[in-house]
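Subject: Structure handover

Hello,

Here is the structure for you to look over. My notes on it follow directly below.

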Amino acid sequence: MDQTQSTQETRLHFLDYWRVIKSRRIIVFMVFLLVALVVGTVTSFQPKIYMSAARIKVEQERPNVNVFEQAQTPGYDPFFLQTQYEIIQSQKILYPVIERLDLRKRWGTPENPLPLDFAFDRLKRSLSVRRSRDTSLIDIAVFDRDNRLAADIANTIAELFERDRLEVKSQQTQKGIDKLQDKMVQQEERLRQAQEKVEQLRKELKVPIFGSAANPVKLNELTIQQMESQLTLARLEAVGRETRLSELKKLTPQLRRNAITILSDDTNVRSLLQNLTDAELRIEVLKEDYGPDHPNVRTAIAARDKLQEQLDTRVEGLVRGFEVDYEMVQARVNELKKQLDEIKASSLALEGEKYLPFRNAQREEDLEEKLYAALKTRLQQVTIEQQVPRSPVEVMDRAEASPFPVRPNIWLNTILGAVAGLIMGVALAFFIEFLDTSIKKMDDVERYLGLPVLGVIAQNVGLISRGESAPAHLEAYRMLRTNIEFAKPDGAGHSLCVLSAGAGEGKSLTIANLAGVYAQHGARALIVDSDLRRPSVHRLLGVSNDMGLADYLAANKTIDEVIRPTDTPNVFVIPSGSGASAKAALPMLTSSRMVDLIQALDARFDLVLYDTPPVLGVSDAAVTAREVGTSILVIQHRRYPRNMAKRALQIVENAGGKLLGVIVNNVHVGQDETYYYYHDHLEPGAATPESKAEASRRSKSKSDEIELTGKY
């Protein structure tokens, strides 16, 4: 239940907003149209701005080819591209652009060029640097009235930025090379001094140094280890040769000859051994054919013996060569052992306190030599890397002169102006609505006045008796008549005092039309113009005002003499009277004669309507309302503040009068949906023949219902 009620309240709240906008739609539309036109006009007269953009790729500094394997790619720097944005917009880049393109004169005049700082500020304002997302591409956009100049500026900025990156790195590298060269010269001098000191101490302390004078061998643990390694290899070689020699000597001549062929690469031995084998085979073949003493056999045996002698001689020579080789290796072992013993003795001597200054000088020399070699290597590396081409900045797209301006965007500005105008119009409508404290809805009547709404009268209503009103207006007055009859308490008379808080709220016209509606249903209606100061009923109904209420109150005329018929059947009127008599009769509105008149008229007519002056203007209305007893209040829709109506209600109640309800007059039904019910959803003058017939039928039905009550 609570949720349904909350939803309904929210809907009503939204409908209230819509009602405000609809009721003030002319203001909203005028503000909307005015702002849109102003924005569109101003935009069309603004100077046209063109945009040209150059795209560049910016990467961290590194050579195109890695000359040395140890060269590393720079790590990711999250602030690198942001730094490049600022550099592009700095004086270092933009000042040369201004000078190269002569922007001071182009933006100023040749006779009076712009100051440099002014030109810089203008160029920086017209420059937009942005990064393409997730790339190392930077767009340099320039805005200017001259499309060609905008393209030239963008291309010049890209070119100068590219050159600046190359020059900066080259200058930094050259400074590093110069510094390295200075350091290397200093290190070379320090190395020379260290070498001279070592040589001086060597001579003074008579340090033993092995090797030649040009390439001396310094004693240290590494040298000893190398000598020990050489000695070990020499001993192993000597053992191998000794073993080979001893094993050969143990073999028989036949086996020795076979072993020699394996141990030696001598081709003569192998040839002799092969010939000897062939000779023995020949002897065996000849012995089978001839006897042992045959000359051929003996010749073959002699040839074999000669080959065997040659082979033995050759084998003995090889064995002797193995002996000499072994002796040489053994001599080398002895020499190495002798040198190692001497080196160890000298090394032990160098470890003594006597040679401590020499050892320190030697270590200092080694350190200086290593530093010198490192500086020299680094200098050569940097020098080579400097000559390798680089491309830290690459122009991907050059700027072109755009044929179409980017600013002002007439369509966009007009649309935005229209939206702003619509918002301003709605805001102004709500502001006016906030300032407007008049009666706007039927709920306002019930909320602020505590009175029911008896009827709602639309705009542009004329006299019903003259046919000046549409069927919808006639239906509204019929509903008013019905509601008045229902609202009257039992035993109430036929007199009604029609009041209004202020002037011009349509009270007199309402009285005339209400009397006409009653007359259409056979009732005799009388209108009494009790507004003696500013009477208007006589003009509205077309009767003479030469005599009237004032004359009766002054006892100059009788009731029958002041009652006058009108052009409408069953409708009569008592005018206010002439001006002189009306002013004289003002105090008599509170006299007993006025009371007697009210009672007499109530008995003679089915309806008596009293037209009164504004309640807040004079006290006559309150006095008349008290004497008549029953009153209705006419309030013009959206005219006077509701506090006036509330104040009028208090005055009438304080005077003793009783209000049946309120008539809301001059309502724009098309703007206020809450009044549709009272007008059958018809705009004034928009009724069709079918709707007129339906309205007449409903009116007759309601009239029949009233007649059944017997209140005429």
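Glutamate 368 and arginine 190 form a salt bridge through their side chains, at 3.2 Å from N to O; the term stands for a side-chain nitrogen of Lys or Arg within 4 Å of a carboxyl oxygen of Asp or Glu. Glutamate 368 belongs to helix H12 (residues 356-387) and arginine 190 to helix H7 (residues 147-205), so the pair ties together parts that are 178 residues apart in sequence. Helices here are DSSP runs of H or I with at least four residues, strands are runs of E with at least two, and both are numbered from the N terminus. Glutamate 368 is buried at a relative accessible area of 5%, while arginine 190 is partly exposed at 47%. Buried means under 20% relative accessible area, exposed over 50%, and partly exposed in between (1.4 Å probe, protein chains only).

This is a predicted model, in which local features need pLDDT of at least 70 and side-chain atom pairs count only at pLDDT 80 or more, while totals for chains, interfaces and linings use all residues. Residues are numbered from 1 along each chain as its sequence is written, and side-chain values use heavy atoms, with hydrogens and water left out.

The whole structure has 14 salt bridges. Among them is one between glutamate 196 and arginine 192, whose closest N and O atoms are 2.4 Å apart. These two residues are both in helix H7, four residues apart, or about one turn of the helix. Glutamate 196 is partly exposed at 43% relative accessibility, and arginine 192 is partly exposed at 36%. Arginine 626 and glutamate 627 also meet in a salt bridge, at 3.1 Å from N to O. Arginine 626 is partly exposed at 38%, as is glutamate 627 at 23%.

Next, the strands. Strand S3 (residues 137-144) has eight of its eight residues buried. On one side these are Leu137, Asp139, Ala141 and Phe143, and on the other Ile138, Ile140, Val142 and Asp144. S2 and S3 form a hairpin with five residues between them, and aspartate 134 in the turn has a positive phi of about 60°.

There is also an open sheet of eight strands with mixed pairing, in the order S7-S14-S13-S8-S12-S9-S11-S10. Its edge strands, each pairing on one side only, are S7 (453-458) and S10 (564-565). S10 and strand S11 (residues 571-574) run antiparallel and are joined by two bridges. Phenylalanine 572 in S11 is the bridge partner of proline 565.

Last, a surface patch. Glu280, Glu284, Glu288 and Asp289 form a negative one; patch residues have over 30% relative accessible area and no salt bridge, with like charges joined within 9 Å and nonpolar side chains (Val, Leu, Ile, Met, Phe, Trp, Tyr) within 5 Å. Asp and Glu count as negative, Lys and Arg as positive, and His and the chain ends are not counted. Charges are placed at NZ of Lys, CZ of Arg, CG of Asp or CD of Glu. Aspartate 289 lies in helix H10 (residues 267-289) and is exposed at 55% relative accessible area.

Regards

Notes
Pairing = 2+ DSSP bridges. Areas by Shrake-Rupley, 256 points an atom, 1.4 Å probe, with all protein chains shown as cover.
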